[in-house]
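Hi everyone, thanks for making time for this. I'd like to walk you through a structure that may be new to you, so please have a look at it while I talk.

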Amino acid sequence: MTAVTWIDTPEGDPAAGLIAALLPEVRPMPPLAATAPEDTVWFPSHHAFAARAAEFAATPCALHVAVRRGRSLAADAQVLRALADRLAPRVTFHALSPAAATALQALGIDAAPLGTAPTAPPPSDRAVIEPDRDRLLHIRHGVETPLPLTALNWARLARGAVLTAPGDLEPDWHDLAALASRLPSPGDPGRHLLFITPNGVGLGHLTRQLAVLHAMTEPVRATFWSFSRAALIAQAAGHDVLLRHTAEHLGADPSAWQMRETEALATYLRRFRPAAIVTDGSQVEPFLRDAMAQPGCHHARLIWIRRGMWRADADARGLSDVRFCDRVLIPGDLAARADPGATARANPFPPGLSKTRTSAPVVLSPATSPLSRRDARRALGLGFGTGTTCLVSLGGEAFSRTAGVEDRLRQLARKARVTLVWARSPLAAPSDHADDTRQIALYPISPYLAAFDGVISACGYNSFHELMTMTNRPVLFVPTINERLDDQGARARHAASEGWALCFDPEQGHDESAVLRSFLGSLRRAEPVAGRPPGNPTGAAEMAATIQDCIRGNI
Amino acid sequence: MASTDDQDTDALILLRQAGRERQELGRRLARYEFEALKRDLSDPGAFDLRLEFGDVRPGRLLLDPDLDTAPQTLDALPRLPVPLGRVAWADHPEDLPVTGILIGDLRPPVLASGLLALLTEHHQQPFARLLFLCRTLAPVHVLGRYGFICACIGDAPVDGVGITLGLRHGLHQIRTLDEGALLWSSETAEAPHCQPP
């Protein structure tokens with residue numbers, strides 16, 4: 001049997017996170033633990049120890065107890081001495097600070113202070129402990145951010161801020177602040193990145209994460225904690241995958257699911273210690289925040305890729321999650337001027353630990369160079385010189401939402417003698433028209449764009465930027481309207497107003513037949529579209545560099 | 001003016017009617033989804049995705065961290081449900097047992113025919129809530145479309161998987177996809193111990 005170091009984790013006590021940062025590997029102690037003799041158990045307080053001491057009377061494992069300076073310490077000291085006599089020599093007492101060790105010595109308890117005197121210069125940020133308001137006040141360059149008292153692992157917090165306890169607080173708070181300053185330096189964080197991929201409507205989150213990952217200039221090991229059913233794509237791209245389920249997938253009570261997911265992620269973080277967690281979505285999921293707050297889960301930096309173009313009616317409270325992150329990376333949007341939502345304005349919420357950086361647009365650079373028209377058509381089995389061909393890529397849900405458009409498009413394409421090739425998302429079921437429809441299920445599709453005389457596409461972030469920067473053929477955007485998505489309509493209308501593409505938005509009262517006829521007619525003229533933004537946007541490389549800097553501690 | 005009794009009776013009739021319509025709608029939706037599934041699985045390329053990342057070696061399928069967690073910790077957490085899947089309808093799906101179906105690294109035609117046989121039976125007479133235990137990610141995007149849950153277990157031994165998923169989902173047995181052979185049962189499994197694997 002391998003010896004295990006357990007730690008008792010009383011809820012709401014930041015000492016457990018600090019003590020776990022002193023130990024090489026630690027596991028949270030389950031209820032009614034059956035510890036082995038070679039195991040070690042840590043208690044972050046003598047109260048926690050007293051509550052569970054009876055469980056360990058029969059098992060000869062080593063017990064380490066942090067004795068805390070509270071109001072009842074003088075009375076507790078007698079009990080502690082008695083327990084130590086009974087469980088000797090297995091019990092070792094510790095103090096949270098040199099001052100606490102001196103105070104305990106005066107009561108007849110030998111307890112060495114945990115941690116070591118700091119050798120590195122202290123961080124420039126401060127975090128003032130305010131237990132009466134159940135919060136910490138994080139201060140950077142005079143900017144104050146209130147943080148819930150135990151929402152963050154204090155060992156993670158101490159990496160970038162000096163914890164301070166105002167003079168009027170009880171000694172235990174001063175001891176905790178002192179211990180936070182006596183933790184070992186983190187050492188080499190390694191090159192392991194954990195990407196949290198939400199269950200999106202399409203492949204946007206996954207594609208953006210792959211784009212950033214593939215732009216890394218230094219070797220990294222990436223794992224995808226994937227709620228997306230398209231996890232196979234990340235695996236095929238060479239990355240390790242953990243398939244997860246959302247509460248919605250399971251039909252589970254969200255709070256029950258969150259407890260389970262928090263536990264699972266915390267187990268992963270303790271064992272594999274990724275250098276950074278990179279999440280992409282409209283909020284930092286509570287399970288992620290909670291897992292990072294667990295003892296032994298303080299190592300990773302938290303990086304949030306948060307694209308803009310939120311709908312005007314989207315709930316903006318998620319923007320407050322910046323305070324929990326080390327970095328917030330905003331992928332630039334060529335339609336940013338049309339952004340109607342909260343992401344168009346300065347974030348009203350204070351930054352906390354984070355710094356925000358907006359990059360150029362992010363697109364996935366394919367492993368292969370763009371193919372010539374001849375090669376692309378041959379590879380897709382389209383033949384060469386066989387007429388006008390249009391790619392239709394309406395995303396995972398768009399088939400059902402645009403069923404009417406789809407039928408009309410087929411009719412008009414037949415009349416215009418344009419062959420439609422439907423890009424089938426791996427998340428979507430086959431079309432009902434499978435018998436008479438040419439479909440391709442291919443990822444990434446961008447190297448093959450030269451095969452087509454034009455494209456009809458939904459207007460999500462990735463499709464929009466790929467099409468506007470990687471092809472000069474006519475594009476018709478058909479925005480997908482979904483409250484879970486960004487404002488595709490605004491993006492598509494912006495492209496139309498700039499002359500980059502046509503836009504068909506049923507919600508704007510556009511005449512379906514007229515728009516489709518005009519677009520299909522433009523394909524036969526085979527004229528390239530001029531004036532689109534320049535290609536090769538550098539956003540992915542910029543984000544990759546920022547992540548690499550962040551891992552190295554260049555905060 | 002109607003009496004309170006009359007109003008109660010009318011309300012009851014309406015509620016019963018709504019309940020019947022809900023059931024009928026549920027059955028019709030399940031039939032519709034099943035037809036789509038049949039079409040999907042009849043396609044020889046049902047599981048094919050052309051994923052082009054050059055000569056990159058595919059990544060690993062990592063084990064669920066729960067397999068590395070003390071059973072007592074898992075047991076202290078709330079259990080999570082397993083959905084019935086959208087191709088079937090049952091009045092009280094939560095009463096059906098949770099059965100794990102082990103899917104090995106099968107050739108696509110074998111996988112498609114095995115799934116079609118099992119899910120036809122599941123559609124006609126739902127007998128369990130199915131939790132697909134996949135050695136690879138290949139079936140996930142197809143089964144996910146129809147509301148099924150796949151747990152990716154890589155090469156993990158079936159016994160450990162059974163115990164862990166028993167604690168998480170109330171899994172009571174694991175069977176093979178092709179022959180339905182019983183691989184593990186909660187009734188004969190050893191009691192979990194605390195020491196992590």
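Let me begin with a term we need: two strands count as paired if DSSP finds at least two bridges between them. And please keep in mind that what you see is a predicted model.

With that in hand, let's go to a sheet in chain A. Four strands form an open sheet here, and reading across, the order is β9-β8-β7-β10. The pairing in this sheet is mixed. Which strands sit at the edges? They are β9, residues 143–148, and β10, residues 161–164, and each of these pairs on one side only. If you compare neighbouring strands of the sheet, they are turned by 25° against each other on average, with direction ignored.

Let's zoom in on one pair. Strand β8 of chain A covers residues 135–140, and six bridges join β8(A) to β9(A). These two strands run antiparallel. As a landmark you can find on screen, A:Arg140 stands opposite A:Val143 in β9(A).

Now let's step back to the domains. The assignment for chain A gives domain 1 (5–113), domain 2 (192–362 + 539–551) and domain 3 (373–525). How far apart are the C-alpha centres of domain 2 and domain 3 of chain A? They lie 29 Å apart. The contact between these domains takes 22 residues from domain 2 of chain A and 23 residues from domain 3 of chain A. On the domain 2 side, the largest share, three residues, comes from helix α7(A), which spans residues 204–214. By class, that side has eleven nonpolar, four polar and seven charged residues.

Finally, let's see where the two chains meet. Here 48 residues of chain A are in contact with 44 residues of chain B. Which elements of chain A give two or more residues to this side? They are α8 (231–236), β13 (240–243), α9 (247–250), α10 (254–272) and β21 (442–443). The largest share comes from α10(A), with nine residues. What kinds of residues are these on the chain A side? They divide into 34 nonpolar, nine polar and five charged.

One last detail, and it crosses from chain to chain. Two bridges join β21(A) to strand β1 of chain B, residues 50–51, and the two strands run parallel. To find the spot, look for A:Leu442, which stands opposite B:Arg50 in β1(B).

Note on methods
Residues numbered from 1 in each chain as written. Chains lettered and ligands numbered in written order. Predicted model: local features only at pLDDT ≥ 70, side-chain atom pairs only at ≥ 80, totals over all residues. Axes fitted to C-alpha atoms, helices over the stretch in contact; angles between N-to-C directions. Contact = placed C-beta atoms within 7 Å. Nonpolar A, V, L, I, M, F, W, Y, C, P; charged D, E, K, R; others polar. Domains from an automatic or database assignment.
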